[in-house]
Amino acid sequence: MAPNQFDIIVDIITTGNLVVTDIDHKIMLQVKSCDTSFHQQRVLVDADGKPIVLTRGKIMSEHDRWNVFRGNSKSKSDMIFTTQSAHMIQFKTNVQVFLAKKTGKKNVCDFKISGSWTNRNCTIYMGDTSTPIAQMSKMQSSEDVTNKFMVTIYPNVDYAFVVVLIAIVEVMKMNNSVIKEKFAREVIGGLSNVVVGALLL
(Lines give C-alpha, C1' and ligand atoms only; values in the text may rest on other atoms or scores of the structure.)
Protein backbone atom coordinates (compact mmCIF):
# COMPACT_ATOMS: atom_id res chain seq x y z
CA MET A 1 0.00 0.00 0.00
CA ALA A 2 0.97 3.64 -0.39
CA PRO A 3 -0.54 6.77 1.20
CA ASN A 4 -0.74 8.48 -2.19
CA GLN A 5 -2.21 7.59 -5.56
CA PHE A 6 0.29 6.05 -8.00
CA ASP A 7 0.43 4.27 -11.36
CA ILE A 8 1.68 0.84 -12.37
CA ILE A 9 2.20 -0.66 -15.82
CA VAL A 10 0.89 -4.13 -16.63
CA ASP A 11 2.56 -5.96 -19.50
CA ILE A 12 0.93 -9.14 -20.84
CA ILE A 13 3.97 -11.12 -21.98
CA THR A 14 2.14 -14.30 -23.04
CA THR A 15 -1.21 -15.84 -22.18
CA GLY A 16 -1.43 -15.92 -18.39
CA ASN A 17 1.99 -14.35 -17.79
CA LEU A 18 2.15 -10.73 -16.66
CA VAL A 19 4.93 -8.38 -15.59
CA VAL A 20 4.05 -5.40 -13.40
CA THR A 21 6.39 -2.42 -13.18
CA ASP A 22 6.35 1.09 -11.80
CA ILE A 23 6.46 4.06 -14.19
CA ASP A 24 10.27 3.82 -14.19
CA HIS A 25 9.96 0.23 -15.48
CA LYS A 26 11.24 -1.36 -12.28
CA ILE A 27 9.67 -4.80 -11.78
CA MET A 28 7.33 -4.92 -8.80
CA LEU A 29 5.35 -8.13 -9.33
CA GLN A 30 4.95 -10.96 -11.81
CA VAL A 31 2.10 -13.33 -12.57
CA LYS A 32 3.04 -16.77 -13.83
CA SER A 33 0.82 -19.43 -15.39
CA CYS A 34 0.91 -22.88 -13.77
CA ASP A 35 -2.14 -24.68 -15.19
CA THR A 36 -2.99 -28.30 -14.38
CA SER A 37 -5.16 -30.76 -16.30
CA PHE A 38 -8.35 -29.63 -14.54
CA HIS A 39 -7.54 -26.16 -13.23
CA GLN A 40 -6.30 -22.87 -14.55
CA GLN A 41 -3.78 -21.49 -12.07
CA ARG A 42 -1.78 -18.31 -11.69
CA VAL A 43 0.81 -17.53 -9.04
CA LEU A 44 1.64 -13.94 -8.08
CA VAL A 45 5.28 -13.50 -7.07
CA ASP A 46 7.24 -10.51 -5.81
CA ALA A 47 10.34 -9.04 -7.47
CA ASP A 48 12.47 -11.78 -5.86
CA GLY A 49 10.22 -14.58 -7.12
CA LYS A 50 8.60 -15.33 -3.74
CA PRO A 51 4.96 -16.51 -4.04
CA ILE A 52 2.40 -14.09 -2.61
CA VAL A 53 -0.87 -15.74 -3.66
CA LEU A 54 -2.10 -18.61 -5.82
CA THR A 55 -5.25 -18.20 -7.91
CA ARG A 56 -7.16 -21.31 -8.96
CA GLY A 57 -10.15 -21.75 -11.23
CA LYS A 58 -11.76 -24.92 -12.53
CA ILE A 59 -11.52 -25.07 -16.32
CA MET A 60 -14.78 -23.87 -17.95
CA SER A 61 -16.61 -23.69 -14.61
CA GLU A 62 -20.03 -22.11 -14.28
CA HIS A 63 -19.71 -18.32 -13.83
CA ASP A 64 -15.91 -18.76 -14.10
CA ARG A 65 -15.32 -19.02 -10.35
CA TRP A 66 -11.81 -18.52 -8.96
CA ASN A 67 -10.37 -19.07 -5.49
CA VAL A 68 -7.37 -17.12 -4.21
CA PHE A 69 -5.04 -18.54 -1.52
CA ARG A 70 -2.12 -17.23 0.53
CA GLY A 71 1.35 -18.11 -0.70
CA ASN A 72 1.39 -21.29 -2.75
CA SER A 73 -1.33 -22.99 -0.71
CA LYS A 74 -4.51 -24.69 -1.92
CA SER A 75 -5.93 -25.19 1.58
CA LYS A 76 -9.39 -23.84 2.34
CA SER A 77 -8.02 -22.33 5.57
CA ASP A 78 -5.66 -20.19 3.47
CA MET A 79 -8.34 -18.91 1.11
CA ILE A 80 -8.45 -15.10 0.99
CA PHE A 81 -11.27 -14.44 -1.44
CA THR A 82 -13.23 -15.80 -4.41
CA THR A 83 -14.31 -14.18 -7.66
CA GLN A 84 -17.04 -14.94 -10.15
CA SER A 85 -18.51 -13.40 -13.26
CA ALA A 86 -22.04 -12.09 -12.87
CA HIS A 87 -23.14 -13.88 -16.08
CA MET A 88 -21.83 -16.96 -17.90
CA ILE A 89 -21.46 -15.04 -21.20
CA GLN A 90 -20.39 -11.42 -20.81
CA PHE A 91 -20.05 -8.69 -23.42
CA LYS A 92 -18.90 -6.20 -20.78
CA THR A 93 -16.78 -7.01 -17.77
CA ASN A 94 -18.78 -7.58 -14.59
CA VAL A 95 -16.88 -9.55 -11.96
CA GLN A 96 -17.74 -9.84 -8.27
CA VAL A 97 -15.28 -10.42 -5.42
CA PHE A 98 -16.25 -12.07 -2.12
CA LEU A 99 -13.91 -12.17 0.87
CA ALA A 100 -13.48 -15.59 2.49
CA LYS A 101 -14.22 -14.17 5.94
CA LYS A 102 -17.21 -11.98 5.20
CA THR A 103 -18.62 -9.69 7.84
CA GLY A 104 -21.56 -8.44 5.80
CA LYS A 105 -24.34 -10.08 3.81
CA LYS A 106 -23.17 -13.19 1.96
CA ASN A 107 -24.90 -12.32 -1.30
CA VAL A 108 -23.40 -8.81 -1.48
CA CYS A 109 -19.96 -8.57 -3.07
CA ASP A 110 -17.04 -6.93 -1.25
CA PHE A 111 -15.51 -5.59 -4.47
CA LYS A 112 -16.53 -5.51 -8.12
CA ILE A 113 -14.82 -4.97 -11.46
CA SER A 114 -16.79 -3.43 -14.31
CA GLY A 115 -16.23 -1.73 -17.64
CA SER A 116 -14.75 -2.67 -21.01
CA TRP A 117 -11.81 -5.05 -20.71
CA THR A 118 -11.22 -4.99 -24.48
CA ASN A 119 -10.76 -1.22 -24.38
CA ARG A 120 -8.71 -1.41 -21.15
CA ASN A 121 -11.28 0.79 -19.48
CA CYS A 122 -12.22 -0.99 -16.28
CA THR A 123 -12.66 0.16 -12.69
CA ILE A 124 -12.45 -1.79 -9.44
CA TYR A 125 -15.00 -0.58 -6.90
CA MET A 126 -15.40 -1.02 -3.17
CA GLY A 127 -18.33 -3.38 -2.60
CA ASP A 128 -21.51 -2.71 -4.53
CA THR A 129 -20.79 1.04 -4.55
CA SER A 130 -19.42 3.68 -6.91
CA THR A 131 -16.27 4.19 -4.78
CA PRO A 132 -13.24 3.28 -6.94
CA ILE A 133 -10.01 1.73 -5.62
CA ALA A 134 -8.24 1.28 -8.98
CA GLN A 135 -8.70 2.37 -12.60
CA MET A 136 -7.34 0.83 -15.81
CA SER A 137 -6.50 2.90 -18.88
CA LYS A 138 -4.67 2.56 -22.19
CA MET A 139 -1.04 3.56 -22.45
CA GLN A 140 -0.45 6.96 -24.02
CA SER A 141 2.66 6.19 -26.06
CA SER A 142 3.97 6.13 -29.61
CA GLU A 143 5.38 2.66 -28.97
CA ASP A 144 3.57 -0.59 -29.75
CA VAL A 145 1.73 -1.05 -26.45
CA THR A 146 -1.01 -3.48 -27.54
CA ASN A 147 -0.34 -5.72 -24.57
CA LYS A 148 0.44 -2.98 -22.05
CA PHE A 149 -1.87 -0.80 -20.02
CA MET A 150 -1.75 1.57 -17.07
CA VAL A 151 -3.46 1.01 -13.72
CA THR A 152 -3.99 3.85 -11.28
CA ILE A 153 -3.93 2.64 -7.67
CA TYR A 154 -5.82 4.80 -5.20
CA PRO A 155 -4.37 5.71 -1.77
CA ASN A 156 -4.09 2.94 0.86
CA VAL A 157 -5.08 0.19 -1.59
CA ASP A 158 -3.15 -3.10 -1.74
CA TYR A 159 -1.73 -3.05 -5.27
CA ALA A 160 -0.98 -6.81 -5.14
CA PHE A 161 -4.72 -7.38 -4.63
CA VAL A 162 -5.45 -5.25 -7.71
CA VAL A 163 -2.92 -7.16 -9.81
CA VAL A 164 -4.43 -10.51 -8.78
CA LEU A 165 -7.85 -9.32 -9.92
CA ILE A 166 -6.39 -8.16 -13.24
CA ALA A 167 -4.76 -11.57 -13.78
CA ILE A 168 -8.05 -13.36 -13.05
CA VAL A 169 -10.13 -11.14 -15.32
CA GLU A 170 -7.60 -11.58 -18.12
CA VAL A 171 -8.18 -15.35 -17.99
CA MET A 172 -11.95 -14.87 -17.65
CA LYS A 173 -11.91 -12.75 -20.81
CA MET A 174 -10.03 -15.48 -22.65
CA ASN A 175 -12.50 -18.12 -21.43
CA ASN A 176 -15.46 -15.93 -22.37
CA SER A 177 -14.10 -15.58 -25.90
CA VAL A 178 -13.85 -19.36 -26.21
CA ILE A 179 -17.46 -19.78 -25.01
CA LYS A 180 -18.76 -17.13 -27.45
CA GLU A 181 -16.86 -18.71 -30.35
CA LYS A 182 -18.30 -22.13 -29.51
CA PHE A 183 -21.81 -20.63 -29.25
CA ALA A 184 -21.38 -18.89 -32.62
CA ARG A 185 -20.25 -22.14 -34.28
CA GLU A 186 -23.24 -23.98 -32.86
CA VAL A 187 -25.63 -21.27 -34.07
CA ILE A 188 -24.08 -21.17 -37.54
CA GLY A 189 -24.11 -24.96 -37.70
CA GLY A 190 -27.76 -25.02 -36.69
CA LEU A 191 -28.70 -22.43 -39.31
CA SER A 192 -26.79 -24.37 -41.98
CA ASN A 193 -28.74 -27.52 -41.16
CA VAL A 194 -32.02 -25.59 -41.38
CA VAL A 195 -31.06 -24.11 -44.78
CA VAL A 196 -29.95 -27.48 -46.16
CA GLY A 197 -33.13 -29.09 -44.87
CA ALA A 198 -35.27 -26.43 -46.51
CA LEU A 199 -33.49 -26.89 -49.87
CA LEU A 200 -34.08 -30.61 -49.75
CA LEU A 201 -37.85 -30.21 -49.23
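## A pair across two strands

Phenylalanine 69 lies opposite methionine 79, a residue of strand E7. The model described here is a predicted one. Strand E6, which covers residues 66-70, pairs with E7 in the antiparallel sense, and four bridges link the two.

## Strand E7 and its other partner

Strand E7 also pairs with strand E8, which comprises residues 93-99. These two strands run antiparallel and are joined by five bridges. Within this pairing, phenylalanine 81 stands opposite leucine 99 of E8.

How many of the seven residues of strand E7 are buried? Five of them are, so E7, spanning residues 79-85, is largely enclosed by the rest of the structure. A residue counts as buried when its relative accessible area is under 20%. As a general point, the side chains of a regular strand alternate between the two faces of the sheet.

## The chain as a whole

The protein chain contains twelve strands and one helix. Read from the N terminus, the order of elements is β-β-β-β-β-β-β-β-β-β-β-β-α.

Of the 201 residues in the protein chain, 39% count as buried. The chain exposes about 11,600 Å², and carbon and sulfur atoms supply 55% of that area. Among contacts in the protein chain with a separation of 6 or more, 31% are accounted for by residues 24 or more positions apart.

Methods. Residues numbered from 1 in each chain as written. Predicted model: local features only at pLDDT ≥ 70, side-chain atom pairs only at ≥ 80, totals over all residues. Heavy atoms only, no water. Buried < 20%, exposed > 50% of the residue type's maximum accessible area, 1.4 Å probe, protein only. Contact = heavy atoms within 4.5 Å. Areas by Shrake-Rupley, 256 points an atom, 1.4 Å probe, with all protein chains shown as cover. Pairing = 2+ DSSP bridges.
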